[in-house]
Amino acid sequence: MKKSMYISLFGTIFAAGIIIGLVLFINTDDNKKAEENHAAQNQELYQKESVQVLEDTVKVVSTDDGEINANNLRIPWTVNKSENTFFLSQRDGNIVEIDGDFGLVEVQTVDVSETIYHEGQAGFLGFELAPDFEDSNQAFAYHTYEKDGEILNRIVSLTLEDNTWKEENVLLDGIPGGDMNTGGRIAIGPDNMLYATTGDTGQPDTAQDLDNLAGKILRMELDGAIPEDNPFESSYVYTYGHRNSQGLAWDEQGKMYSSEHGEDGHDEINLIEAGNNYGWPVIQGDEEAEDMVAPIHHSGEETWAPSGMAYNDGELFVASLAGSQIFTYNIADQEVNEFFDDAGRLRDVMIDENALFTITNNHDDRGNPSQEDDRLIHISLTGEVSGD
């Protein structure tokens, strides 16, 4: 066979290979798009079905003296209240609205541009109503998503329209995520800034890296801009060296506190000040190191797994998951006391006037749910404490 025939044959085979490769690529791409569309349709169907199921099963009990409790929730994560209406975020991606006057329940879908990833400790986590919610119908949320095989977190603003919370703006995305130590608490401080906690996602060294958003407390404007007075130039980082902060609260003087999961006990309550390094993974408990800040209190060898936190009259009220209680920390005398321990794993706590509201997380694969779980529990701060 002549050389030119060899070249011609090779060229034909090469061209055919390119064509076959393109066909396979197009088919693969089409199949990927079809799978993504199918997954999106399944997610939408799941949300619709879960909404109907929840609206049929959530039971609200109101008493003559104004107390309200709710049963049969599903891994609620935050408690919000506007006038006498409650908004509870649930980790699988729903908002439960409860009318405190009439006990009416609506389960609202969340429409975001990145599908909510709900595995392990990840999912639809922090949720905070905007200060002008009654006029704007706006809120802020922190949720996990998956992109290009990587698990990440993002902070978005949402607007309530026709019983659906629709994504308005992405304030910050690409926050490191995972199935563990994913942070997720967001709160608006007295300075009208939005704060968010991020976990180390099981990669401890990231907490000390100022170029990495993991293991930090972040601070931003309500439109997502970096505040000019943040401690690190052109950075959302407010404090660093955190393992997995889960609660945020401020006292009447504007001092900021956080609750944080330690490793093998050593759970922490920290006084948060701009620019501080809280030591993880270099120090924990009573350990000290130069330019690192120790907690104002820690649990020693005991495990609290502290979560949501609220301040009232000189005390921090902290919801505890592993400890299955709400405990108080008296800031002045540094004493810790048990306040409530009659409902299992507790995720969040909110105080409104003379009432405390907490939510159980007994369906989170680590608890022992009762027939009533998960629950919103109303506790009077002036009367007898009970889980009933």
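**Group meeting: strands and cores of a predicted model**

Strand E9, residues 150-161, runs antiparallel to strand E10, residues 164-176, and nine bridges join the two. Both belong to an open sheet of eight strands, whose order is E3-E4-E5-E6-E10-E9-E8-E7, with mixed pairing. At the edges are E3 (76-82) and E7 (124-129), each of which pairs on one side only. From one strand to the next, the twist averages 30°.

Let me turn to the protein overall. Its secondary structure comprises two helices and 25 strands. The protein has 388 residues, of which 52% count as buried. Of the contacts between residues at least 6 apart in sequence, 51% join residues at least 24 apart.

The largest nonpolar core contains 19 residues, and Ile155, Leu194 and Leu218 have the most contacts inside it. Strands supplying at least two residues each include E8 (138-147), E12 (194-197) and E13 (216-220). The largest share, three residues, comes from E10. Apart from this core lies another, of 16 residues, including Ala70, Leu88, Val107 and Phe357.

I close with Leu194. Which residues does Leu194 touch, leaving aside those up to four places away in sequence? Among them are Phe140, Ile155, Leu171, Ile186 and Leu218, and the list also includes Arg219.

Technical notes: Residues are numbered from 1 along each chain as its sequence is written. This is a predicted model: local features need pLDDT of at least 70, side-chain atom pairs count only at pLDDT 80 or more; totals for chains, interfaces and linings use all residues. Side-chain values use heavy atoms; hydrogens and water are left out. Two strands pair if DSSP finds at least two bridges between them. Helices (H or I, at least four residues) and strands (E, at least two) are DSSP runs, numbered from the N terminus. Axes are lines fitted to C-alpha atoms, for helices over the stretch in contact, and angles run from 0 to 180 degrees between N-to-C directions. Buried means under 20% relative accessible area, exposed over 50%, partly exposed in between (1.4 Å probe, protein chains only). Contact means heavy atoms within 4.5 Å. A nonpolar core is a set of buried Ala, Val, Leu, Ile, Met, Phe, Trp, Tyr and Cys residues joined through side-chain atoms within 4.5 Å.
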